[in-house]
Amino acid sequence: MPLYKTLEVNSSTVVYVWKIQESEDELSSNIVLTDKSTNRLKGMKSEMHRKGFLSIRHLMAKAGYLDTDMYYDKMGKPHLKDGNKISITHSNHFTGIIVSKDTEVGIDIEKQREKILRIAYKFTPIEEYKTIANTEALIRKLTVVWGCKESLYKIYEQEGLSFINHIIINNFDLMDGITTGEIVYSGIRTKYDITFIEFEEFTCVYALKK
């Protein structure tokens, strides 16, 4: 089974990344789903989505959890019954989870695609990136920014939260692999530490609430 990466963020927080290479039947083996999860899986028309769903359960097993240990709230945010924090992500043939014993966490994996150049204005002030002449570098940087905002959004879980108006990602160098971010909403400012890594033309971002 291809556990792709395990990243120990700190003594209480771990990231697990899976690269999907198995058939759906292979991913179904040794996984016991709740009735709710089984019905959810059956309702997925895309084989890739079903594989992603199953591979995340394998990642949970690596972290010591069963499908019965997780539930979703009305906003669709996953929670662990033991009180630990979890966030999950799925992009193409990669899935990931981050689990923490004491910190709110968020994770996002995105494929680096040219499409992001066309939609960047929707989530970030695009004029801030005009000094980046290299298209590949611009795609990579914007993908990180999107992943940062997705990760923070997953943590905050607030209806009406706007990527462009409420989530701020501080400037960073692609070589550094780290940045910081803030959510400013309803007069409250919340700060986050963010890390990002790149592999096989994908970007993985994970955030921890300070």
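Is Cys148 buried or exposed? In this predicted model, Cys148 is buried, with a relative accessible area of 0% (buried is under 20%, exposed over 50% and partly exposed in between, with a 1.4 Å probe and protein chains only). Cys204 is buried too, again at a relative accessible area of 0%. The sulfur of Cys148 lies 11 Å from the closest cysteine sulfur, that of Cys204, which is too far for a bond. The structure accordingly holds zero disulfides (pairs of cysteine sulfur atoms within 2.5 Å).

A pocket here is an open set of points on a 1 Å grid over the protein atoms alone, where a 1.4 Å probe fits, with protein on both sides within 12 Å along at least five of seven lines; lining residues have an atom within 4 Å of a point. Its lining has 21 residues, with Arg40, Tyr72, Gly76, Ile88 and Lys154 nearest the centre. Helix H3 (47–62), strand E5 (85–91) and helix H5 (135–156) each contribute at least two lining residues (helices are DSSP runs of H or I with at least four residues, strands runs of E with at least two, numbered from the N terminus).

The second largest pocket holds about 180 Å³. Among its lining residues are Thr34, Arg40, Asp67 and Tyr72, and helix H2 (35–42) and strand E3 (70–72) each supply at least two.

Residues are numbered from 1 along each chain as its sequence is written. Local features need pLDDT of at least 70 and side-chain atom pairs 80 or more, while totals for chains, interfaces and linings use all residues, and side-chain values use heavy atoms, without hydrogens and water.

Key: Points joined across faces, edges and corners; volume = space filled by probe spheres on them.
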